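The questions below work through a model on the screen, moving from helix packing to overall content and then to confidence.

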Amino acid sequence: MSTAVATAEAHGGGHGGGAEHSPHPPTSTGIDHRKLLMWGFLASDCMFFGSLIATYLIYRGRAEELVAAGQGSGPLPHEVLDIPYTSVSAFVLLMSSLTMVLALAAVQRGDVRGTRIWLFATATLGSIFLGGQYFEFTSFYKEDGLGLTTNMFGTSFYTLTGFHGAHVTIGVIMLLSLLWVSLRGGLRQEQAINVEIIGLYWHFVDIVWIVIFTLVYLIPYDDDISTISEGAEHAARLLGLS
Amino acid sequence: MAHRASVATHGGHGGHPGSAAGEHLPGHPGQRTYINIAIILAIITIVEVATYYIEWMADSGVLVPTLIVLSAAKFVTVVGYFMHLKFDDRRLTWIFAVGLVISLAIVISLKILMDVHPIDYALRLLTGGE
């Protein structure tokens with residue numbers, strides 16, 4: 001323990017160059033404070049999206065059951081979700097993770113031009129994803145009549161994917177800010193940690209979409225329906241109706 | 001502990017002040033590895049979508065487990081390699097794991113609640129009650 005801490009202190013607490021050269025104070029953990037904070041934020045954001053995903057999983061089946069019972073209105077997931085289209089969006093976001101990590105590798109080796117190219121590519125791919133989401137939302141609203149308050153599916157779907165889109169938007173803004181700083185000559189090898197932290201956020205946005213793509217788009221909701229149907233059968237037995 | 005000392009010596013990772021210009025951070029993948037990982041992720045995505053369209057998988061009940069496994073593989077790969085958790089300080093893994101476990105607990109517990117609730121819900125459907 002003492003050896004490790006002493007080593008960390010000897011190297012400026014994780015900043016390497018010592019306090020006299022580092023713009024940030026040494027850390028007691030050996031991990032950059034900003035990086036530690038970002039991982040803490042990402043952990044909390046996991047819970048945020050966990051709640052939204054759970055809500056969606058619960059409500060999508062209810063909407064279907066209500067329609068089947070003549071008490072609700074469509075459209076329903078299988079009527080509006082376009083798997084091929086969303087697959088392309090998912091692929092675009094996945095590839096943006098590659099360009100992001102290439103931007104980090106470039107700045108770490110002092111390749112200014114490479115950093116700018118890959119940051120621009122990442123922001124562009126993120127913007128393409130956002131454009132695709134805008135098209136999807138407007139298509140659902142105008143062509144399928146699915147609004148935010150149309151039914152429980154619409155409410156939970158727009159809330160979940162909308163919050164993810166907001167995260168992507170913030171990520172694109174941060175990437176463009178980094179690019180702007182780089183173009184002004186302020187993003188040198190010594191500031192690679194800034195790219196790394198924003199990169200962590202960007203990759204997180206990607207892994208959230210990996211989960212959303214599977215749970216919202218690919219996994220059929222028959223399980224939910226069968227659960228409700230089982231509940232209906234059980235209730236019918238309780239009431240002596242069957 | 002040795003790992004922690006190593007991390008401190010190398011300034012975590014990310015080219016912190018003190019890293020020599022062009023220094024290759026030990027244990028980190030190179031560009032070729034990143035590209036190979038992206039290709040693997042793309043292939044998994046294609047398999048996921050293809051799986052969705054195979055009817056017998058849905059009929060036999062293996063579709064959902066397959067999709068979850070493939071999705072988890074992509075998740076772990078991105079977190080491990082692109083976010084560098086595989087190479088970074090182990091404490092960062094724990095921080096993220098705590099958030100992830102709580103998140104999973106939220107999803108699972110709410111799902112269980114939903115499995116119970118439909119009985120009451122179905123009663124209202126059957127009886128037309130409020």
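**Helix packing, fold and confidence**

Q: At what angle do helix α4 (residues 83–108) of chain A and helix α7 (residues 192–218) of chain A pack, and how are the two roughly oriented?
A: In this predicted model, α4 and α7 of chain A pack with their axes 9 Å apart and at an angle of about 160°. Angles over 145 degrees count as roughly antiparallel. Therefore α4(A) is, relative to α7(A), roughly antiparallel.

Q: Which handedness does the crossing of α4(A) and α7(A) have, and how many nonpolar residues are in the contact?
A: The crossing of α4(A) and α7(A) is left-handed. Sorted by class, the contact of α4(A) with α7(A) includes two charged and six polar residues, while the nonpolar residues number 15.

Q: How many helices and how many strands does the secondary structure of chain A come to?
A: Read from the N terminus on, the elements of chain A run α-α-α-α-α-α-α-α. The secondary structure of chain A therefore comes to zero strands and eight helices.

Q: Is A:Thr55 buried, exposed or partly exposed?
A: A:Thr55 lies in helix α2 (residues 33–68) of chain A, and 19 other C-beta atoms are within 10 Å of this residue. A residue needs 20 or more such atoms to be buried and 12 or fewer to be exposed. Because its count is 19, A:Thr55 is partly exposed.

Q: How far apart in space are A:Thr55 and A:Phe153, C-alpha to C-alpha?
A: In sequence, A:Thr55 and A:Phe153 are 98 residues apart. In space, C-alpha to C-alpha, the separation of A:Thr55 and A:Phe153 is 9.9 Å.

Q: What percentage of contacts in chain A between residues at least 6 apart in sequence join residues at least 24 apart?
A: Chain A has 242 residues, of which 48% count as buried. Among its contacts between residues at least 6 apart in sequence, the share joining residues at least 24 apart is 70%.

Q: Where in chain A is confidence lowest?
A: The mean pLDDT of chain A is 84, with 79% of its residues reaching 70 or more. Confidence is highest in helix α5 (residues 112–142) of chain A, at a mean of 96, whereas pLDDT stays under 50 over residues 1–20 of chain A. At a mean of 42, confidence in chain A is lowest in helix α1 (residues 2–10).

Q: Over which residues of chain B does pLDDT stay under 50?
A: The mean pLDDT of chain B is 77, and 67% of its residues reach 70 or more. For the complex, the predictor gives an ipTM of 0.80 and a pTM of 0.80. In chain B, the stretch where pLDDT stays under 50, for which the model has 70 contacts beyond four places in sequence, is residues 1–24.

Notes. Residues numbered from 1 in each chain as written. Chains lettered and ligands numbered in written order. Predicted model: local features only at pLDDT ≥ 70, side-chain atom pairs only at ≥ 80, totals over all residues. Axes fitted to C-alpha atoms, helices over the stretch in contact; angles between N-to-C directions. Helix = DSSP H or I, 4+ residues; strand = E, 2+ residues; numbered from the N terminus. Parallel < 35°, antiparallel > 145°, perpendicular 65-115°, else oblique. Left-handed = near helix turned anticlockwise from the far one by under 90°. Nonpolar A, V, L, I, M, F, W, Y, C, P; charged D, E, K, R; others polar. Contact = placed C-beta atoms within 7 Å. pLDDT = per-residue confidence, 0-100.
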